[in-house]
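The sequence and structure are shown first.

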Amino acid sequence: MSNKIILVALLVVLGAALIAGIVVLQDKKQKPEDSAESSAAAVTEMLIVPDSIPERFSFEPPQEFSETASKYYTKYYVLNDASIIVTGEPITIYGETLEDYAKSVKSQYEETADNFMLYSEEDVRVSGMDCKVYEFTYDIGTGDDAPSMECTTAVFVQGDEAFIMTCKSRKENYTNYRSAFRRAIESVKIADTNAVQTSSAETETAEPLQ
């Protein structure tokens with residue numbers, strides 16, 4: 001009798017272990033560690049830690065694009081598979097020029113993005129400011145089914161800050177968005193540091209409305 005009880009107990013334990021193994025395998029299939037979303041975000045995150053659009057930086061988002069947020073970006077703009085993301089950071093190397101900073105941006109893309117291919121590099125003027133514009137393609141991950149992306153990146157250096165505006169979509173749809181991306185870049189304005197500080201101070205000291 002005792003042997004039968006032990007046998008039944010063993011069968012129950014084995015059954016529970018089998019079920020647990022199946023559940024774990026299903027979870028791994030449903031939640032891959034390297035999702036397409038995290039891979040896509042990494043291409044931008046490798047340059048500057050994402051944050052809200054810098055206070056000094058402003059531009060006119062294309063009418064069709066809507067403001068959104070994710071766990072990677074506090075604020076950015078999207079339309080279907082296209083996105084416009086702005087990030088900024090302080091210049092850490094004294095006297096670093098736009099040319100120097102833009103070269104470092106390009107180098108990091110080359111080292112980090114899969115199948116990176118730069119096909120256009122321009123020096124343009126935007127609202128009286130110098131701007132470096134890159135156009136390139138890259139893949140999200142590797143393999144035959146890896147999504148291919150196409151991107152326009154505009155780099156600005158003003159005062160002691162650098163700004164990167166990243167406009168991207170799937171490669172097969174890029175031509176549908178390219179003109180909107182360029183208009184967004186052409187609308188960029190970067191306020192003077194002193195003007196922003198004065199505006200912030202006035203907001204803090206303003207009396208509440210009665």
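## Confidence of the model

The model is predicted, and the mean pLDDT of the protein chain is 78. A value of 70 or more is reached by 67% of the residues.

Two stretches call for caution. Over residues 3–40 pLDDT stays under 50, and the model has nine contacts beyond four places in sequence for this stretch. Residues 197–206 also stay under 50 in pLDDT, with one contact beyond four places in sequence. Where pLDDT is low, the predicted coordinates should not be read in detail.

Lysine 132 is located in strand E6, which covers residues 129–139. Is this lysine buried or exposed? Lysine 132 has a relative accessible area of 2%, under the 20% limit, and is therefore buried. Beyond its neighbours within four places in sequence, lysine 132 is in contact with Leu98, Glu99, Ala102, Glu121, Glu122, Asp123, Thr153, Ala154 and Val155. The C-alpha atom of lysine 132 is separated by 6.9 Å from that of phenylalanine 156, 24 residues apart along the chain.

Which residue meets the side chain of lysine 132 in a salt bridge of 2.8 Å, N to O? The partner is aspartate 123. A network of salt bridges links Glu99, Lys106, Glu121, Asp123 and Lys132. In the whole structure, a search finds ten salt bridges.

## Glutamate 135 between strand E6 and helix H4

A salt bridge of 2.9 Å, N to O, is formed between the side chains of glutamate 135 and arginine 178. Glutamate 135 lies in strand E6 and arginine 178 in helix H4 (residues 174–186), so this pair ties together parts that are 43 residues apart in sequence. Glutamate 135 is buried, with a relative accessible area of 2%, while arginine 178 counts as partly exposed at 32%.

Glutamate 135 forms a salt bridge with arginine 182 as well, in which the closest N and O atoms are 3.9 Å apart. Here too distant parts of the chain are linked, with arginine 182 in helix H4 and glutamate 135 in strand E6, 47 residues apart. Arginine 182 has a relative accessible area of 15%, and because buried means under 20%, this arginine counts as buried. A polar contact of 3.1 Å joins the side chain of arginine 182 to that of glutamate 122. Not counting residues up to four places away in sequence, arginine 182 touches Glu122, Val133, Glu135 and Thr152.

## Helix H4

How does the span of H4 compare with what its 13 residues should give? At 1.5 Å a residue the helix should span 18 Å, and its end C-alpha atoms are 18 Å apart, which agrees.

The buried residues of H4 are Tyr174, Tyr177, Ala180, Phe181, Arg182, Ala184 and Ile185. An α-helix has 3.6 residues a turn, so residues three or four places apart point the same way. The cover over the buried residues of H4 includes strand E3 (76–79), E4, strand E5 (114–126), E6, E7 and E8.

## Nonpolar cores

The largest nonpolar core has 25 residues, of which Phe57, Phe59, Ile84, Phe156, Met165 and Val188 touch the most other members. Two or more residues each are given to this core by strand E4 (82–90), E6, strand E7 (148–158), strand E8 (161–170) and H4. H4 supplies the largest share, six residues.

Phenylalanine 59 is in contact with Ile53, Tyr77, Ile84, Val86, Met165, Ala184, Ser187 and Val188, leaving aside its neighbours within four places in sequence.

Note on methods. Residues numbered from 1 in each chain as written. Predicted model: local features only at pLDDT ≥ 70, side-chain atom pairs only at ≥ 80, totals over all residues. Heavy atoms only, no water. Helix = DSSP H or I, 4+ residues; strand = E, 2+ residues; numbered from the N terminus. Buried < 20%, exposed > 50% of the residue type's maximum accessible area, 1.4 Å probe, protein only. Contact = heavy atoms within 4.5 Å. Salt bridge = Lys/Arg side-chain N within 4 Å of Asp/Glu carboxyl O. Core = buried A, V, L, I, M, F, W, Y, C linked by side-chain atoms within 4.5 Å. Polar contact = N/O pair within 3.5 Å; in protein donor to acceptor, adjacent residues only side chain to side chain. Expected span 1.5 Å × (residues − 1). pLDDT = per-residue confidence, 0-100.
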